[in-house]
Amino acid sequence: RILIAGELNVDLVFRDCQSFPAPGHEVLAEDAQVVPGSSSMICAMGLARLGGKVAFAGKTGADGWGDFCVSALQNAGIDVTAVRRDPALRTGITASFSTHSDRALVTFAGAIGALRADDIEDALLAGADHLHVSSYYLQGALRPDLKTLFARARAQGLSTSLDPGFDPEQRWGNEWLGLLAEVDLFLPNDKELAGISGCVSPLDGLRALDNGRTRIVVKLGRYGCATLGHAGDLLESPAFKVSAVDSTGAGDSFDAGFLHAWLGGHPLVDAMRWGNACGALSTRGVGGTARQADAGEVEVLLES
Ligand code: ADP
């Protein structure tokens, strides 16, 4: 059983806008959808879609958007016992506006960064085999005690993983190195790896952060993913070719595929391919969760 801790929010996605609105003006969009939006929710739903047993720890407001998030998780078969509803907060919302060539986002953070490490009780950890934290709001209330949370999980025998998400304030620094040492698996994308390591190339970044125990797999978008090989070389796994509709949350679906295979005992190179397959297949639909792959679809792609 995998426990995912992180944020919950909704995405309002306006697609194919005529242009971005100039101040005081209104433009039309060809399509608009409301979809489950956070990094952690996309990863949790991806894992559930692959058949995994998943529990979620997070926080929303006690409002309609919070109901929407909780229902989405429940409909995916995810245990929501540890999702707290805080009447003092409103659920976070991200509005995404895309034209044919560009995208702009507006986020109201609301409850997104409100989950605290002590909201995650020992009994919850005891019921899980693995803790995955995925959040682009890691500098929220979770951040000060995140290292302790991982240490608590490890003390209870759980394996641990972290996707750093996007840090809007770019406050990288030595803090990450300590955090990295507490996790078995670290899943940044290329920009996050560069931000944390200070190195431009993925190979230099992987070498710089290598601590001898944490497996780091870096996501490289349409180039797939890579990790450090035995000889300190770059072990790459190429992406699958897909005609992508929307790559929002591809990294979170990658995490789901990688974790599913890795925790299921597959060798590292297979887990990298599972990650790539789930990342690629998730780009078939709008938003991160609309078209996530089931295990059968992944196997068909892996054999193609
Ligand atoms: P993030 O969403 O965190 O920025 P990436 O953009 O690197 O992450 O995407 C995560 C994974 O999804 C990649 O490692 C790759 O396997 C897959 N992926 C993303 N974009 C594409 C694409 N255009 N074609 C095929 N696979 C893709």
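Modeller: Buried residues make up 47% of the 304 residues in the protein. Buried means 20 or more other C-beta atoms within 10 Å of a residue's own, exposed means 12 or fewer, and partly exposed is in between, with C-beta atoms placed from the backbone. This is a predicted model: local features need pLDDT of at least 70, side-chain atom pairs count only at pLDDT 80 or more, and totals for chains, interfaces and linings use all residues. Numbering starts from 1 along each chain as its sequence is written.

Biologist: Which residues have the most contacts inside the largest nonpolar core?

Modeller: In soluble globular proteins, nonpolar side chains tend to be buried together. A nonpolar core is a set of buried Ala, Val, Leu, Ile, Met, Phe, Trp, Tyr and Cys residues joined through C-beta atoms within 7 Å. Here the largest has 74 residues, and L3, A44, L47, V54, F56 and F258 have the most contacts inside it.

Biologist: What is A44 in contact with, leaving aside neighbours within four places in sequence?

Modeller: Contact means C-beta atoms, placed from the backbone, within 7 Å. A44 touches I4, V54, F56, L73 and I78 by that test.

Biologist: What size is the C-alpha trace along its principal axes?

Modeller: The trace spans about 55 × 40 × 40 Å.

Notes
Contact = placed C-beta atoms within 7 Å.
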